[in-house]
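Have a look at the sequence and the structure, then try each exercise before you read its solution.

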Amino acid sequence: MARTALVTGGSRGIGAAISTALKAAGYSVAATYAGNDEAAAKFTEETGIKTYKWNVADYDESKAGISQVEADLGPIDVVVANAGITRDAPFHKMSPEQWKEVIDTNLTGVFNTVHPIWPGMRERKFGRVIVISSVNGQKGQFAQVNYAATKAGDLGIVKSLAQEGARAGITANAICPGYIGTDMVMAVPEKVRESIIAQIPAGRLGQPEEIARCVVFLASDDSDFINGSTISANGAQFFS
Ligand code: CAA
């Protein structure tokens with residue numbers, strides 16, 4: 001039987017490429033989204049992948065949504081915690097709301113997504129937890145104290161989960177994408193974006209599919225002994 005995969009933020013950007021690649025690799029895929037109904041409907045129409053709407057920042061919503069996915073598709077074997085937002089501002093201008101929104105979505109959202117799925121993975125003695133972190137969690141970023149804190153936190157989550165899950169057949173790994181050609185990066189002012197691209201030895205933005213291919217590998221049985229690791233995919237912008 002096909003394994004089931006859940007991808008949060010899975011209808012747009014890097015998440016959409018991950019959902020599509022997992023489906024192509026034979027998984028039953030559920031993709032979540034937070035608010036853009038139009039994009040989600042278009043995504044389902046184009047790919048046949050079912051989308052579910054909930055706010056990953058809310059534990060009860062996440063738990064109920066996950067129960068619904070498992071009722072529809074079966075127990076979740078692979079969870080990709082990908083949903084994330086930016087609220088960029090230099091620190092002296094960053095509001096407590098900008099801090100909290102990003103922490104709630106990008107960091108607490110990972111807890112809310114993985115926690116309800118974890119007991120079932122332990123019982124079934126198989127699981128793949130893949131968290132999409134960021135190069136900016138590794139190196140920090142001007143105007144991203146909030147975002148960098150969450151993406152660095154993701155690395156602590158997977159390193160801890162890896163130790164807890166290892167004997168239960170569960171692996172937990174992170175991918176740190178560099179700057180990828182998505183709406184999130186295109187929202188950076190053009191001049192700033194150009195100066196960032198100039199710092200990438202590859203001389204270009206990454207493509208969402210380049211991250212999706214890492215996810216498919218980490219989800220597979222071939223990655224069994226890779227646990228608690230961080231895969232950097234950033235065109236040589238940064239080494240950690
Ligand atoms: N490094 C150093 N200085 C920078 C800078 C940087 N990366 N970015 C901006 N600055 C400077 C500006 O040149 C400006 O300097 P001056 O005042 O001397 O001209 C100052 O910082 C900005 O001051 P402003 O008051 O104009 O700032 P603002 O309140 O308008 O904020 C900004 C602008 C939000 C910082 C905007 O420049 C921006 O969005 N920067 C990009 C931040 C970024 O890289 N975000 C990553 C998004 S993609 C992502 O997050 C995905 C991923 O995982 C990789």
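## Exercise 1: a serine in a helix

Ser19 is buried, as its relative accessible area is 0% (buried means under 20% relative accessible area, exposed over 50%, partly exposed in between, with a 1.4 Å probe and protein chains only). Before going on, note that this is a predicted model, in which local features need pLDDT of at least 70 and side-chain atom pairs count only at pLDDT 80 or more, while totals for chains, interfaces and linings use all residues. Residues are numbered from 1 along each chain as its sequence is written, and side-chain values use heavy atoms, with hydrogens and water left out.

Task: find which element holds Ser19 and which residues Ser19 touches, not counting residues up to four places away in sequence.

Solution. 
- Step 1: Ser19 belongs to helix H1 (helices, H or I with at least four residues, and strands, E with at least two, are DSSP runs numbered from the N terminus).
- Step 2: Leaving out residues up to four places away in sequence, the partners of Ser19 are Val7, Gly10, Val29, Ala31, Phe43 and Ile49 (contact means heavy atoms within 4.5 Å).

## Exercise 2: H1 against H10

Task: describe how H1 and helix H10 (residues 208-219) cross, and say which residues meet.

Solution. 
- Step 1: Two packed helices are described by the angle between their axes and the distance between the axes.
- Step 2: For H1 and H10, the axes come within 8 Å and cross at roughly 45 degrees (axes are lines fitted to C-alpha atoms, for helices over the stretch in contact, and angles run from 0 to 180 degrees between N-to-C directions).
- Step 3: H1 and H10 are therefore oblique to each other (angles under 35 degrees count as roughly parallel, over 145 as roughly antiparallel, 65 to 115 as roughly perpendicular and the rest as oblique).
- Step 4: The crossing of H1 past H10 is right-handed (left-handed if the near helix is turned anticlockwise from the far one by less than a right angle, right-handed if clockwise).
- Step 5: From H1, Gly13, Ile14, Ala17, Ile18, Ala21 and Leu22 meet Pro208, Glu209, Ile211, Ala212, Val215, Val216 and Ala219 from H10.
- Step 6: By class, this contact of H1 with H10 has eleven nonpolar residues, one polar and one charged (Ala, Val, Leu, Ile, Met, Phe, Trp, Tyr, Cys and Pro count as nonpolar, Asp, Glu, Lys and Arg as charged, and the others, Gly among them, as polar).

## Exercise 3: Ser62 and the contact of H3 with H4

Task: locate Ser62, then describe how H3 and H4 meet.

Solution. 
- Step 1: Helix H3 (residues 59-73) contains Ser62.
- Step 2: Ser62 has a relative accessible area of 0%, so Ser62 is buried.
- Step 3: Not counting residues up to four places away in sequence, Ser62 touches Trp54, Asn55, Val56 and Asn112.
- Step 4: The axes of H3 and H4 cross at roughly 35 degrees and come within 8 Å.
- Step 5: Tyr59, Ser62 and Ile66 of H3 meet Phe111, Asn112 and Thr113 of H4.
- Step 6: This contact of H3 with H4 has three nonpolar, three polar and no charged residues.

## Exercise 4: positive phi

Task: is Lys125 buried or exposed, and where does Lys125 lie?

Solution. 
- Step 1: Lys125 is in the loop between helix H5 (118-124) and strand E5 (127-132).
- Step 2: With 54% relative accessibility, Lys125 counts as exposed.
- Step 3: Lys125 has a phi near 60 degrees, a positive value in a residue other than glycine.
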